[in-house]
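Let's take a walk through this structure together. Have the sequence and the coordinates open as you read.

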Amino acid sequence: MHRWWYMEDSNKSKENDVATFSAPRSRPIVQRQLDDRKWTYKVHIPIPLNNNEVVAITGDCEQLGNWKPNDVFLMERVEGDCEQLGNWKPNDVFLMERSVHVRQWETHLNPRSIPVIANTLESFDTFGDYEGVQKIDRGWLTSETIFQFSFYNNPFMLTGKAQNKLIYVKLTPMNLRVSSEAQDIAALLEESLSNDTRENGTEQPAYAFTECVSLCSDEAKLEPVSQFGRAYHPDDILIFHITVTEPENVAYLIDLYTYSSRACQGEPPRHVGYHYILPNLLKKSEGQLELSVTCASKHRPLGMMRIEYVKISPLNPQKLNLKTSYIRHWNPKWKGLEIGHRGSGTSFKSKDGNLIRENTIASLKKAVTHGADMVEFDVQLSKDLVPVIYHDFSVYVCLKRKKQIDTNDMLELPMAELTLEQLNNLKVYHVEEGKSREPRFFDEDLDEHQPFPTLAKALETIDPHVGFNVEVKWSMRYSDGTWDINVTTDKNLYVDSILSVVLNHAGNRRIVFSCFDPDICTMLRFKQNLYPVMFLTCGDTARYPKYYDPRCNSHGTAIKSACAMELLGIVGNSEDLLKNQESIQQTIDNGLIIFCWGEENNCSNTIRHLKNLGLHAIIYDKMDVFSTKERKENIFLLEARESQKEILQNLHEEKKKDILDKLAAAVE
């Protein structure tokens with residue numbers, strides 16, 4: 001795995017100029033011939049490196065890999081600088097496995113350029129710090145896989161002395177490759193039974209990195225797991241984040257510990273019980289495991305525990321590089337943006353109705369015409385895995401094409417059970433139309449008014465200056481055990497299908513993903529490095545039912561979850577935010593961006609009030625009615641126009657200077 005520091009060669013000097021970068025403890029350097037020049041880089045790494053982490057450099061030239069992860073230039077640590085990490089030498093570095101895993105990297109929008117510095121090794125730059133701005137983010141999945149194991153809703157049901165004790169949990173990845181010492185899996189697991197004594201054992205996978213976060217802690221941040229794990233407090237949300245390269249060959253040992261009330265300071269805890277999770281239980285993208293706990297001393301059943309897991313696989317084929325990331329980028333000037341909800345608004349709930357069907361190309365265009373900075377819409381997959389824009393999980397299909405709807409000619413179907421061709425060719429009604437048997441739209445002959453436009457069509461059709469808030473629809477589980485709808489599509493495949501369309505068709509459009517499902521948000525975050533992700537939440541409300549996953553049920557917990565997964569921010573419910581206005585500043589103080597949605601937003605005075613409270617964006621219906629803008633133009637178009645003016649002004653100044661220089665030369 002690698003920590004990244006990337007650079008762009010300015011290529012301005014014709015002499016053998018040298019750029020140097022250093023560190024007082026570990027000083028990785030690299031020397032490489034660029035054209036006819038020899039450059040020496042030295043960089044200070046202010047954070048400790050793990051034993052198998054290497055510093056690498058990339059840039060916009062062939063010698064530095066042209067921003068491609070697997071073609072980067074790995075840096076060499078100066079001999080003698082840090083005995084604990086070993087002495088890195090060029091030959092040792094290039095014998096490493098070629099599959100690159102980006103642990104952390106600099107994500108400044110404008111990459112460094114090589115400065116002209118005298119030939120000395122005393123000058124250096126600091127990883128992440130460029131022109132006084134700190135910008136370091138986690139990488140994205142290139143070939144590795146992430147497993148997240150979550151403990152919440154009080155998942156431990158233990159008996160005996162462990163009952164009602166504070167439990168410490170530790171998850172350790174175990175290598176199932178059969179070795180010469182252990183010729184079968186059973187023998188290998190038996191050898192590794194004592195988890196707390198095998199920190200340096202040979203059964204560890206070749207590449208596995210384990211981190212953990214408690215969302216009830218003051219600082220929700222993924223951190224390495226200590227020797228005896230992490231405490232699970234009542235009503236806690238404990239998440240283990242494990243990155244591996246060969247998921248089919250990795251098992252996970254769960255160890256449970258407790259401390260005796262009579263234990264002396266520094267005394268280790270008691271090993272209560274354990275369980276192995278074998279890879280055959282983790283074939284699906286997500287699931288819930290109910291596992292027995294075996295007593296560590298007597299090898300008898302001690303109780304049960306419940307674990308939620310999600311598997312995040314890399315997006316293939318990879319279309320991403322290290323050049324640019326907007327994963328947590330938000331311009332400070334972007335405040336109080338106005339976002340068109342489902343385009344020009346919900347068309348089936350409002351009493352006065354909406355003349356344009358929601359989530360259609362026509363609805364999106366109408367919002368754009370009235371100055372929407374962004375448009376928000378819902379995306380889900382058809383049966384043939386085409387991302388289409390539609391809100392509800394079900395539709396009503398007319399069994400016979402009729403001008404009038406009879407009581408017996410309608411059938412409710414999951415939208416995901418129909419192919420794109422069927423959605424386009426069948427007479428399909430919205431759920432509200434199907435229930436009431438009252439059609440609201442007679443627009444069969446108007447192409448841009450048709451439901452189920454593809455995501456690709458929206459990306460290609462709508463003004464490229466308009467931003468997209470793409471809400472990924474996913475069936476949610478509620479606290480009473482019910483679901484929105486039964487989903488049969490694999491979760492990784494679902495997200496990959498949407499991401500692939502965006503990466504192929506988005507161009508330079510500003511895009512923000514959002515979802516109510518926190519695991520979908522995590523997938524969107526770690527599968528790509530270009531587009532930011534925001535966690536949608538209902539917050540504290542009586543208007544909507546509670547979800548099973550406690551991360552979804554309060555704004556404060558949503559903040560912790562977004563911080564832990566390094567999301568851009570939160571899309572909060574206005575009902576909750578207006579009652580608890582301090583949570584808006586709390587979100588901003590945690591370094592997050594905050595949008596809001598909700599019926600309360602459909603009022604010009606409320607929109608102005610929310611802007612004054614510091615909201616970065618407000619999502620609402622009927623941009624033509626409630627917009628508070630004086631100029632009906634979106635902010636990104638205005639920025640592009642100002643940038644173009646600046647470029648033209650600079651060209652004008654350069655031409656003016658050139659003319660004056662020529663006149664001066666003529667006079668001389």
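**Around helix α9**

Just after α9, E566 takes a positive phi of about 55°. Helices (H or I, at least four residues) and strands (E, at least two) are DSSP runs here, numbered from the N terminus. This is a predicted model, in which local features need pLDDT of at least 70 and side-chain atom pairs count only at pLDDT 80 or more, while totals for chains, interfaces and linings use all residues. Residues are numbered from 1 along each chain as its sequence is written, and side-chain values use heavy atoms, with hydrogens and water left out.

Now look at the helix itself. Seven of the 10 residues of α9 (residues 555-564) are buried, so this helix is largely enclosed by the rest of the structure. Buried means under 20% relative accessible area, exposed means over 50%, and partly exposed lies in between (1.4 Å probe, protein chains only). The buried residues of α9 are H555, T557, A558, I559, S561, A562 and A564. They pack against β17 (208-214), β33 (533-536), β34 (569-573), α10 (574-579), α11 (582-589) and β35 (593-597); contact means heavy atoms within 4.5 Å.

Just after α3, G371 takes a positive phi of about 95°.

V388 counts as buried, because its relative accessibility is 0%. Which residues does V388 contact, leaving aside its neighbours within four places in sequence? They are D378, V379, Q380, M415, L420, F452, P453, T454 and L455. The C-alpha atoms of V388 and P451 are separated by 9.0 Å, although these residues are 63 apart along the chain.

K298 is exposed because its relative accessible area is 57%.

Finally, step back to the whole protein chain. Its secondary structure comes to 14 helices and 36 strands. Of its 668 residues, 54% are buried. Among contacts between residues at least 6 apart in sequence, 68% join residues at least 24 apart.
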